[in-house]
Amino acid sequence: MSAPSTSALLIATLDPLLEGTAFTNGQSGVPPDPVEAALLRPGRSASLTWCAPTPVFRDRHPAARAALDPEHPDGCTDLVVDVDEAGRLVRAELEMLDIGRDLHGRPVEEALPVLAHRLRALLVAPARED
């Protein structure tokens with residue numbers, strides 16, 4: 001039996017963390033058909049984006065203000081994860097906040113648990129008093 005695709009691994013790990021957040025059901029990327037994937041994205045690469053309306057994100061996750069884009073306050077707040085052909089993390093950003101800079105270049109299987117922990121902490125953190 002072959003290992004799951006990188007896209008499937010990202011979805012299986014991150015989707016459960018997004019339940020109950022501003023990222024609603026159906027907002028995750030879906031792995032393409034295996035034949036199409038072999039033609040379009042050979043190797044272990046993946047690029048997935050989850051999107052939440054910025055006003056909803058701002059209301060539900062006030063402690064994650066660093067992620068918000070002040071130039072687009074009414075648009076979308078995106079969670080983007082990119083993995084290269086070698087299966088190494090290239091990018092993990094929650095809109096304006098790079099949550100994986102120190103993990104760039106690491107194998108996705110090694111980086112993903114750390115990203116999941118950081119994402120959970122950002123999205124369930126209590127609001128700060130100003």
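Let's start at Arg 91, which counts as partly exposed because its relative accessibility is 29%. Buried stands for under 20% relative accessible area and exposed for over 50%, with partly exposed in between (1.4 Å probe, protein chains only). Before going on, note that this is a predicted model, in which local features need pLDDT of at least 70 and side-chain atom pairs count only at pLDDT 80 or more, while totals for chains, interfaces and linings use all residues. Residues are numbered from 1 along each chain as its sequence is written, and side-chain values use heavy atoms, with hydrogens and water left out.

Arg 91 has a partner across the strands: in strand 3, Arg 91 is the bridge partner of Asp 82. Helices (H or I, at least four residues) and strands (E, at least two) are DSSP runs, numbered from the N terminus. Two strands pair if DSSP finds at least two bridges between them. Strand 2 and strand 3 (residues 89–94) do this in the antiparallel sense, over five bridges. They form a hairpin with five residues between them, and Gly 87 in that turn has a positive phi of about 80°. Another bridge links Leu 79 to its partner in strand 3, Leu 94.

Now look to the other partner of strand 2. Strand 1 (residues 46–53) pairs with strand 2 over eight bridges, again antiparallel. Here Ala 52 stands opposite Thr 77 of strand 2. Strand 3, for its part, also pairs with strand 4 in the antiparallel sense, over two bridges. In that pairing Glu 93 sits opposite Asp 98 of strand 4. Strand 3 and strand 4 make a hairpin with two residues between them, where Glu 95 in the turn has a positive phi of about 50°.

How covered is strand 2? Strand 2 (residues 76–83) is mostly covered, with six of its eight residues buried. Thr 77 is one to zoom in on: it counts as buried because its relative accessibility is 0%. Its side chain makes a polar contact of 3.0 Å with the side chain of Thr 54. A polar contact is a pair of N or O atoms within 3.5 Å; within protein, one must be able to donate a hydrogen and the other to accept it, and residues adjacent in sequence count only if both atoms are side-chain atoms. Leaving aside neighbours within four places in sequence, Thr 77 is in contact (heavy atoms within 4.5 Å) with residues including Phe 23, Trp 50, Phe 57 and Leu 94.

Some of those names come back in the largest nonpolar core, which has 31 residues; those with the most contacts inside it are Leu 10, Leu 14, Phe 23, Trp 50, Phe 57, Leu 79 and Leu 94. Helix 1 (6–18), strand 1, strand 2, strand 3 and helix 4 (108–124) each supply at least two residues of this core. Helix 4 gives the most, with eight residues. A nonpolar core is a set of buried Ala, Val, Leu, Ile, Met, Phe, Trp, Tyr and Cys residues joined through side-chain atoms within 4.5 Å. Leaving aside neighbours within four places in sequence, Leu 79 is in contact with residues including Leu 18, Leu 48, Ile 99 and Leu 119. Leu 48 belongs to strand 1 and is buried, because its relative accessible area is 4%.

Let's finish with the charges. Side chains of opposite charge can pair when their charged atoms come close. How many salt bridges are there in the whole structure? A search finds six, where a salt bridge is a side-chain nitrogen of Lys or Arg within 4 Å of a carboxyl oxygen of Asp or Glu. Arg 101 and Asp 98 form one, with their closest N and O atoms 3.4 Å apart. Arg 101 is exposed, because its relative accessibility is 61%. Another salt bridge brings together the side chains of Arg 118 and Asp 102 (2.8 Å, N to O). Arg 118 lies in helix 4 and Asp 102 in the loop between strand 4 (97–98) and helix 4, so this pair ties together parts that are 16 residues apart in sequence. Finally, salt bridges with shared partners join Asp 82, Arg 91 and Glu 93 into one network.
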